[in-house]
Each structure stands twice: as C-alpha cells, then as structure tokens.
Amino acid sequence: MQDFGGAFVEAFSRVLAADADLVEIVVLSLRVSLAAVGIACLIGLPLGAALAVARFPGRGVVLVLVNALMGLPPVVVGLAVYLLLSNAGPMGVLQLLYTPAAMIVAQCVLVTPIVVALSRQIIESLHQEYDEQLRSMGLSRLQAVPTLLWEARFGLLTVILAGFGRAIAEVGAVIIVGGNINHVTRVMTTTIALETSKGNLGLALGLGMILLVLAIGVNAAVMVLRGADRTAHA
Amino acid sequence: MAIAGFLRDAEASSSRAAIALPVRMRDVVYEIAGKRLIDGLSLSLRARSRCVVMGPNGSGKSLTLRILQGLLQPTSGTITWSDGAPGHAERRARRSAIVMQRPVLLRRSVAANLEHALAVYGERRSERRGRVEALLAMAELEHLAARPARVLSGGEQQRLSVVRALAAEPALLLLDEPTASLDPRATAMIEALIDRAHRQGVGIALVTHDIGQARRTADEVVFLSHGRVAEAAPARAFFAGPRSEAAAAYLDGRLFY
Amino acid sequence: MKRRPFPARLGRALAAGLVALVAIANPSRAADDRFIIVQSTTSTQNSGLFDHILPIFTAKTGIEVRVVAVGTGQAIKNAENGDGDVLLVHAKPAEEKFVEEGHGVARTDVMYNDFVIVGPQDDPAGIDGTSDAVAALRAIAEAKAPFASRADDSGTHKKELALWREAGVDPTAASGSWYRETGSGMGATLNVAVGMGAYVLTDRATWISFANKGDYSIAVEGDDRLFNQYGIILVDPERHPNVRAEDARTFVDWMLSPEGQAAIAGYEIDGLQLFFPNAPAPVVKG
C-alpha cells in the first residue's frame, strides 16, 4: 500500500496539471451538493422556523420524526429515490434517473431533515427572546418567521454547513441514482469508491484529501463571511 | 389619521384638544394557573395625557400594560378603545406601542432596526428613509445610524427602542420601567424623549418605581395594589397627599399588605 | 392593504431561489445530445475495457454510451425496470431468463475471459499451480483456509456457487468462519481478501488491472469450468417504451461487428489481452 505522502503528491499533481477529468468531477460534486443544499434550505429553513414557532397537536411527534430523519442511511434514500425515478416507478416519465438532477434530489432528501431539525432548534431558542417584542409589533407567530430567519443567520450558517458536509461526503445515495457514469454523474465520492474497488488505494486517498480540502475551503469561506458580520452584532 | 401622522404634522396635532378616551379597561381579571394576578381592574386612559402607573412589585403594573398591548388576553372583563381619530379602529396595531424595561433589538444596524419596524407597520418603501431619519433625529441617534444596535450603550438602546415604538405612530405609548437600569443622564434623555412624543400628541402610560420621575412626568397617577386600582388621581393631588393607605405607605417607603 | 408584506415577500424569494437553483443544477445540454445507457458489470468497468472501446464507438456514431457498472444481479434488475437500453453481463442462465421473460430482444455472446482463483503467497490450502478449480475449492474447505465470496448475486458469485456445488461443499454453512461473504463488488472483495489473507475467485480482467495485489498471485487457472462468457442484450423496446431502441441497436450491432470485436481484442494491460471476442457471425441489422 502506498504511503499517505505519495497519495497526496499523486492527487495534487493531477490537480496542478488541471487534469480535465478531475476538474470535471470536482465541479460536478460542488454543483450537485450546492444545489441540493440550496434547495434543502429553501424548503428546510422556513419549515424549521415554522415548526419552531407554531403550536399544533402532534407537534411533538413531528419533531421526533424530523430529528430521526437526520439519521437516514444514504443507501436507503438512494434506493427510495431510485424506485421513484425508475422507468418502472411513478416518476419515471421525468427521465431523471442517472442524471445529476436525480443526485440532487437524493442529496436534498438527505439534507432537508438536518436543515429542518437544526434550524428549528436555533430559531426556537431565539424566538423566546424575540416573541414578545415581535408580537407587540402586531406580527403573528408565522409572520415573524422571516424576521427570525434573518436574526438567526449566524447560527443558520452552521446549519447550512452541516447540510453541505452531509451532501458532499455521501456516496451511498448518489451512486445508486446517479450510476457513477463517467463524465455524466461521476462525483468525488463515487470516484473514490471506484478507485478503491480498482485497488488504487493511493489515488482514492488522494481524492479523499482533495475532498477534505474542498470542504475546508467552503467552511473557511463561510466562516470568514460570518466572522466579519457576527463580531459587529455581538 | 391625524394622530397617526403625528411626526409630520406634530404642530397641528398638539394644538388639538385632548378630549378623546383612547382606552377604558373595565373589571379586567387575569388569572394564570389559578392565581388571580389582576383582580377586577378598571381604568381609563385619556388621549394625549401622561399617566404614570405606580405600585409595589407584584401589583400588576406590567401585566396591565401587556394586556393593553394585546400581549396577554384577560380572563374576563372588557377593554374598549374609543378612537380619537376617524379610521383609527381598523389599525389596531397603531393604537398603542410598548417599550420594555430591557429592549430587544434586532441584530442589525440602528437604522435597520427602524427600517424593519416601519416595514412591519406597512410604511411605504419610498417613505421609510425619511421617517428613519426623523426618528433618529428625535432620539439623537443620527451619528450611530450605521452602528450595530446591540453594541450601543443601555441608554442609547432604550432611546432606539422608544423611537422604534413611535414608528408605529401610536395613540398611546406604553413604557414598562424604561429607565430602571439606566444612569441619571440616560434617564433624563429618555424622559426628554417621552416629553417630545407627548408634545406631539401621543398619550403616555408609564410604569415606574422612580418617584422623582413620576413627579416630573405625570399628569395623573394610577396606583395599583394586589391587581386592583387602589387610587387614581391627578398628579398634583396624588403627590400632595394620597388618599389610599397603600399609596401613602408606598410613597413613605413603608411596607403595606 | 399595506400590511402583511413579509410572508408575500418570503414566498417570492423562495420561488426566485428555486428557479435559480434549477437553472444551476440543469445547465442546458446540447439538443443533439444522443446517448444510451448500458447496464453492465464492475468487471468490465474496473478493468478499463469501456474506457478503451467506447470512445471508438462514440467517434464513429456520435452516440454517447453511459455505463452503469453494478453487479450482474443488480444490472439485470435495473434493466427489468426499464432503466437501461443495453445489458452486458456475464451470467448466461440469468440472461436467458431475462430474455424469456420478455425484457430483452435476444441474447448474443460477445466476448469471454476466464476466472482465476487468487491467493496469498503462503498458500494455506496448498493449491498453488493446480488447474482443477473444483478440487482446489475442496482443498480450501478441508483446510478451512479463508475464502472471500462476493455474495452479491453477481455473475462471479453465481459462478463461484456453481463450482462449490460441483465440489459437493456447502460453504455458506461456514459463513462467518473461514467463508467470508463480503456482499460487495469485485474490487472491494479483492481488497478485503488481500487484507485478510483469503482466497478469492475473480475474473482475470479485474485481477490484471487491480492495483492493490499485495503478495497475491494466481493460484488456480486454466480449468474449462472457469470459462467466463459475456453476453449482450438489447432491452426490449416494446416491453420498455423508454428504451432508446435505435441507438441501442446500433451499439449492440457494433459490439458484435468485426470492428467492435477488434476493439475488444485490442485492449491490453502490460501486453496482456483481457477480453477475447467471440461473437457469432456478423448479425444482419433487423
């Protein structure tokens, strides 16, 4: 087995050489995961905030369910999305199977519960602080949601990063619904799985390190943005 | 509408006689977990008048303000708003606005806090900038407009909180011990701000333990004890010699139960 | 009414965001984007065969071939769901059943290679250099030497089970002791086997291109029973209307044509040919 250093050198020499295939894979990974997280946030943040402020019968059950869904195994999600999008499935007519769109759907299903559950928690504690003030201004609980979302923005960034981490790192779902098709649906994680199965452990490890560097880059960029604003608002 | 436009035609408003009754509470009871915290309270607040609400801790002062603001629903009793200005009734949020002892400001700039309030109150976008500037000037906070609201001093935060309430163009401004945690200079600035609002035609209901502040501010005094009105009197008469035993004990600093 | 601007604005923002994201996620593809999906096995993919032959086909026809490489069992299942245009696998009985059940138009031999049993240098079962696969398995069972099985219903797994049957041994009884069922693809199973010093049955193409061999080498080869035949099937467009029938047929015909067969024969690693074309006489397009 090759050593870590050798793996690192091999992977990065490919990056520095701007290996077209590798660049394509990295770009697709980012595109799929960012889109999935974006959609998951559009659905999950308002839903999480609404769950935080709304009081209705069965709310406790819903919260338990959402929290449990955070632990969905990616393979199960992949399988479920496959069965939906398959030509033999109810949504086969969309012809999305083995496309990046199918991978986005699968990752979205994985990430949305995380966004809902964590944003619910953050907004709920924030809501206790703001509730009386916002109601005194004539806003109902649900009308307060946009304000609360913006006030919680620093905490919600961490939620979004958690969702992105889950999306970019997962392999079980995208390999089933994407098919790991070269130049079409091959992303970082499915490439790593493929190279591992070819016995190219060094290359697989190197790709893993690139994935890690990407994740660090995204996190650092968000933290810098957040840090500048957050210190100002104490 | 005349009252709602107080910032723009303050002169016209203040020249009008204060005759309308903004609100009357009658036999209001508020219970929670079987405890009767407000016990048949009846109270009238007149428009454009300054009413100071006093009373020992637990007498129901803050609850009364919250019930007036609609933050709490009374268990029984009636609250009747009689509108001094035509068209006022349909704008429930504008009847009153409340300032808490500890202001809850948004994690945004000073100006953005006012922008937000104006947006919530439905102010047209094109009007907001001008109104923000007027409100900042009123609170003497122009130089801090771009500063994050939560890093302001306590006094500055409370001034912002007062003009944010005034952004609602309320007929009645409710203040719950707004200066309880402020130093004398910051307190004086809040009192000046309240005075400015009053001269522009806004009715004031101020809860305070500060007897000096009560003397400086009040046109009339309502004294609460055990969730009821123990005494309601013109300020001069009240401070000359309260008729109720509870108020007399309170002013003397004696315990009374 | 001037009030309640917030939820309305939030709704608009949500809609705009969704549209933008869909645009990012689905950059418009060229209108003449012709492609077919081939459900195939990890052995053909991992060995690099497709990387060698598909560009030749695409250059000639303009048809892109998208390969989904899974175990033979899953590939057939996917094709049964209509999620593929062509099936290229190596488990003849299962392929014939697929066609019988009306999912495929016809099955044709396309190429072969062979299976080998690979093992560690210390050779605990003493089978190194033998050519009787059945006897070798019996020796492994008697020595209780570790053996790693795909156990994933793949073509290789089916072949392995057939050999055990012939050897008169039921290895699944020993599952968890010396018989290790990985439930994984060929490459993953090789990694596991090398890691634990187990014998393993693999197709020769995957073995030659496998990069993590450790001290392993081929122990058993050359048995006629280790023959590994690949078949190609056009998924029936009448049964599965989504099948891109015309382009898929072009691909199948090309694979069986002298040109396609030559391309398969031309794939080598370190001078070793990995697959041997054996299609019947050129088919007439129909």
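Visitor: Is Asn180(A) buried or exposed?

Guide: Buried means under 20% relative accessible area, exposed over 50%, and partly exposed in between, with a 1.4 Å probe and protein chains only. Asn180(A) has 6% relative accessibility, so it counts as buried. This is a predicted model, in which local features need pLDDT of at least 70 and side-chain atom pairs count only at pLDDT 80 or more, while totals for chains, interfaces and linings use all residues. Residues are numbered from 1 along each chain as its sequence is written, chains are lettered from A and ligands numbered from 1 in the order in which they are written, and side-chain values use heavy atoms, without hydrogens and water.

Visitor: Where is Asn180(A) found, and what is its phi?

Guide: Helices (H or I, at least four residues) and strands (E, at least two) are DSSP runs numbered from the N terminus. Asn180(A) is in the loop between α8 (172-178) and α9 (188-197) of chain A. Its phi is positive, about 50 degrees, although Asn180(A) is not a glycine. Arg48(B), also not a glycine, has a positive phi of about 60 degrees. Arg48(B) belongs to the loop between β2 (35-45) and β3 (50-54) of chain B and, at 15% relative accessibility, counts as buried.

Visitor: How many aromatic pairs are there over all chains?

Guide: Rings of Phe, Tyr and Trp (its six-membered ring) pair if their centres lie within 6.5 Å; planes under 30 degrees apart count as stacked, over 60 as edge-to-face and the rest as tilted. The whole structure holds 14 aromatic pairs. One of them, Tyr112(C) with Phe227(C), is tilted, at 5.0 Å centre to centre and 35 degrees between the planes. Tyr112(C) lies in strand β4 (residues 104-119) of chain C and Phe227(C) in strand β9 (residues 227-235) of chain C, so the pair ties together parts 115 residues apart in sequence. Tyr112(C) is partly exposed at 28%, and Phe227(C) is partly exposed at 37%. Trp178(C) and Tyr179(C) have ring centres 6.0 Å apart and planes at 75 degrees, so this pair is edge-to-face. Both Trp178(C) and Tyr179(C) are buried.

Visitor: Which residues form one aromatic cluster in chain B?

Guide: Phe223(B), Phe238(B), Phe239(B) and Tyr250(B) form it.

Visitor: Which charged residue lies over the face of Phe35(C)?

Guide: A charge sits over a ring if NZ of Lys or CZ of Arg is within 6 Å of the ring centre and within 35 degrees of the ring normal. Arg66(C) lies over Phe35(C), 3.7 Å from the ring centre. The charged end of Lys213(C) sits over the ring of Trp207(C), at 5.3 Å from its centre.
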